[in-house]
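Subject: Structure handover and notes

Dear colleague,

Here is the structure that I promised to pass on to you.

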Amino acid sequence: MPVQCSSISQHSSWPSSGSLTSYTYDAASAQKTSANLRRFLTVLVARTSAKRVNIMAHGLGAGALLRAISDLKSTEATAKAADADAAAKGKQAPPPAPTVPIGEVMLVSPDVDRDAFVVSTPVSGRLQRLT
């Protein structure tokens, strides 16, 4: 009997310069990818009608992921405000961008400063589980 699976797996990575002396460059590179990660998650949901997205991030990718999730939350809040504003003016709002239904987030050996993590934890309100 064939195994039925209702999930897909995707992988995203960027190259490290591979040297301890280039850590600052690698950290900056990881942060710059957060906008692309946010767009990727939005497109993934739009094209697959995913009901839940579970994400695992490793090392410097944890910071990029937390920023992408925070940006998603901010974008969704801005869209809701624009919809309310359009409704108040009697105008039709543009079609909404898909909301990314984030389920579980697993941070493996997260290379995230403790204070930065604490500041970003309000994003956990949109998560089912953060590990």
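The secondary structure of the protein chain amounts to four helices and three strands, where helices (H or I, at least four residues) and strands (E, at least two) are DSSP runs numbered from the N terminus. Read from the N terminus on, the elements follow the order α-α-β-α-β-α-β. This is a predicted model, in which local features need pLDDT of at least 70 and side-chain atom pairs count only at pLDDT 80 or more, while totals for chains, interfaces and linings use all residues. Residues are numbered from 1 along each chain as its sequence is written, and side-chain values use heavy atoms, with hydrogens and water left out.

For the chain as a whole, buried residues make up 26% of the 131 residues; buried means under 20% relative accessible area, exposed over 50%, and partly exposed in between, with a 1.4 Å probe and protein chains only. Among contacts (heavy atoms within 4.5 Å) between residues at least 6 apart in sequence, 81% join residues at least 24 apart.

Within α2, the residues S34, L37, L41, T42, L44 and V45 are buried. Seen down the helix axis, the buried residues of α2 fall within an arc of 155°, so they line one face of the helix; the arc is that of the directions from the helix axis to the C-beta atoms. After α2 comes S49, whose phi is positive, near 55°.

The strands come next. β1 and β2 run parallel and are joined by five bridges, where two strands pair if DSSP finds at least two bridges between them. One of these links concerns V53, whose bridge partner in β2 is I102. G103 is also found in β2, which covers residues 102-108, and G103 counts as buried because its relative accessibility is 0%.

Which residues touch the most other members of the largest nonpolar core? They are L41, L65, V100, I102 and L107, out of 16 residues in that core, a nonpolar core being a set of buried Ala, Val, Leu, Ile, Met, Phe, Trp, Tyr and Cys residues joined through side-chain atoms within 4.5 Å. At least two residues of this core are supplied by each of α2, β1, α3 and β2, and the largest share, six residues, comes from α3. If its neighbours within four places in sequence are left aside, L65 is in contact with L37, I55, A57, V105 and L107.

Finally, please compare two further residues. A62 lies in helix α3 and, at 0% relative accessibility, counts as buried. The C-alpha atoms of A62 and D111 are separated by 6.6 Å, although these residues are 49 apart along the chain. S109, by contrast, is exposed, with a relative accessible area of 52%. S109 lies in the loop between β2 and α4, and it has a positive phi of about 45° although it is not a glycine.

With best wishes
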